[in-house]
Amino acid sequence: MFEKVTITYRGAKYEVGRGREFYGIWTVGGSRSQPLQWWPETSEGWSAAWGKFTEIEAPGTIIPVGRRTPPVPSSPVSSSPVSSSPVSSSPVSSSPVSSSPVSSSPVSSSGAQVGESGGPRFAQGPGFAQGGAPYAARTADSRTGSVGAALLVVGVALGIAALFPAYLAGASLSSQPAQLVPHAIYLAVWAASTVLILLGGVRLRLGALLGVGISVVTFGLFFADAGTAIAAGAHTAGWGLWLSLLGWLACAAGSVLAFLFRSPAAPPADGIRGWLARQGYLHRPRGSELGPVVLLVLAGLGVAAAFAPAWDSYTLHTAAGQSQSLTAGNAFSNPGLVIAGDVAVMIALAAVVIVAALWRPLHHGALLLAGAVTPMVAQAISALVQLGEPTSPTQFGISPAEATQVGLTIDSGVTPAFWIYCGFLVALVVSCAWMLFTQQATGTPGQVFAPASGPAAGAYAYPWSPAAPDAGQSSVRPTADDDPADLDDDETDMVPGSEPTSYSAAGPRDSDHPTA
């Protein structure tokens, strides 16, 4: 199997470009079968690669490779003014762009670590030995991702099969639109997660986060369904319920397994403790991010709190002109196990919202949040679908014969608590969209990026970072200034090997219709 390596910028000794799903630095004129150092194919990864490249390369020697590559500003500036200027509030302080751990090795005048041969020494990530292939651990990791995707496929298949047999009290999900809609939404999101995981690369991590988010929140919904069956007697549970539970278990296991694929070697987050922080996923928001993050967390807590009150409102009318108003669906008016499931949903949602707000890259946190928000949106849609269904008098302990005798009619609606829930939910969805679009600001021209440790005093740094090379622009024509020894048809090398591992790295919620 062969891959393309596209060089974007070249200096006197080194060149930077992209391979398949990674950015790397190579020696000019050397073999491109493996990079000297590499980063994941993300905006943060490109920022780190560019920062390292400008740190080790001689000032003024960097030129673009290809007609579509933007030129480099001709006047580099000293790193001292850069560090003391107002641009310190840019993403250089908040983006996880550290490319290697700090070492006690000697430092050259350009700010790079000096090896035994006198040249810059590159720190290698896990699975990357000097002179060895950085792809060594990819085979095992590929199996991990494939197994996760396979479990998701099995889970989605079980979920589809669960729509047709009896679920609770002899009724199937497919015969109840208010129950069918949320389950179909869950399965669609898990299917989307599976596709992203199978696509691999950065998309694998995004798909895993999407699957983890929805699996965490739906645990409480499916637990409440199981609690309903246990409280009413095991005989009320049909094959649909058991297949749904097995499907959730398979999807959750597959999502977690895919998430554990390729642990990044990023620096620990500032001021945050725990395993996720040690892995470099969580970072404390600062500056302009702080306000939107606080609003995001408040919206999530609002959705969780508004999930508990009764949503359903009923008005019973008799032929004699009598009427009575009732509400149903309070999370705390159900059997104990059902209450535990509903509380688990609220806690899980609040926890995922907080984690997603601190997650970096920010758009990765948006996928985690999108997975968690999906079940809550599905619950709101289910409640609206239920309004269009006829209400049986048996829900209120009245037999059909008695209802006919007194001329009973039932009007259904929703309570103010439901609309409050929807308001918080809209705010949460908007915040999720903000997280998705905010990541586009990273790595754009006009911002200053550098390795987290920064160049050494007296070194030169470019106050500009070019946009990351587009994966679709793999064919770049060389310029006349390029070294003929390195020129290919499109400045793209085909190198053997496989892709590198990363351097860093249920239904409506109410007591009368309890199935999830």
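Colleague: Leaving aside neighbours within four places in sequence, which residues is H364 in contact with?

Modeller: This is a predicted model, in which local features need pLDDT of at least 70, side-chain atom pairs count only at pLDDT 80 or more, and totals for chains, interfaces and linings use all residues. Residues are numbered from 1 along each chain as its sequence is written, and side-chain values use heavy atoms, with hydrogens and water left out. Contact means heavy atoms within 4.5 Å. With its neighbours within four places in sequence left aside, H364 is in contact with V202, R205, L206, L209 and W359.

Colleague: Is H364 buried or exposed?

Modeller: H364 is placed in helix α10; helices are DSSP runs of H or I with at least four residues, strands are runs of E with at least two, and both are numbered from the N terminus. Buried means under 20% relative accessible area, exposed over 50%, and partly exposed in between, using a 1.4 Å probe and protein chains only. The relative accessible area of H364 is 7%, so H364 is buried.

Colleague: At what angle do helix α5 and helix α10 pack?

Modeller: Two packed helices are described by the angle between their axes and the distance between the axes. The axes are lines fitted to C-alpha atoms, for helices over the stretch in contact, and the angle, from 0 to 180 degrees, is taken between N-to-C directions. For α5 (residues 202–232) and α10 (residues 362–387), the axes are 8 Å apart and the angle is about 35°.

Colleague: How many nonpolar residues does the contact of α5 with α10 have?

Modeller: The α5 side includes V202, R205 and L206, and the α10 side includes H363, H364 and L367. Ala, Val, Leu, Ile, Met, Phe, Trp, Tyr, Cys and Pro count as nonpolar, Asp, Glu, Lys and Arg as charged, and the others, Gly among them, as polar. The contact of α5 with α10 has 1 charged residue, 7 polar residues and, as nonpolar, 14.

Colleague: Is the crossing of α8 and α12 left-handed or right-handed?

Modeller: Helix α8 (residues 290–306) and helix α12 (residues 416–438) pack at an angle of about 145°, with axes 8 Å apart. A crossing is left-handed if the near helix is turned anticlockwise from the far one by less than a right angle, and right-handed if clockwise. α5 passes α10 in a right-handed crossing. The crossing of α8 and α12 is left-handed.

Colleague: How many residues of the contact of α8 with α12 are charged?

Modeller: Residues making this contact include P292 and V293 of α8, and A417 and Y421 of α12. They divide into 15 nonpolar and 3 polar, and the number charged is none.

Colleague: Which type of aromatic pair do Y9 and W50 form?

Modeller: Rings of Phe, Tyr and Trp (its six-membered ring) pair if their centres lie within 6.5 Å; planes under 30 degrees apart count as stacked, over 60 as edge-to-face and the rest as tilted. By this rule there are 15 aromatic pairs. The rings of Y9 and W50 are 5.0 Å apart centre to centre, with 65° between the planes, and the pair is edge-to-face.

Colleague: Which type of aromatic pair do F219 and F223 form?

Modeller: F219 and F223 both lie in helix α5, 4 residues apart, about one turn of the helix. F219 has 38% relative accessibility and counts as partly exposed, and F223, at 34%, also counts as partly exposed. The ring centres are 5.9 Å apart and the planes are at 35°, and the pair is tilted.

Colleague: How many disulfides does the structure hold?

Modeller: A disulfide is a pair of cysteine sulfur atoms within 2.5 Å. C251 counts as buried at 0% relative accessibility, and C432 counts as buried at 9%. The number of disulfides in the structure is 0.

Colleague: How many Å apart in space are Y314 and D411, C-alpha to C-alpha?

Modeller: Y314 lies in strand β9 (residues 312–317). Its relative accessible area is 3%, so Y314 is buried. Y314 and D411 are 97 residues apart in sequence, and their C-alpha to C-alpha distance is 5.6 Å.
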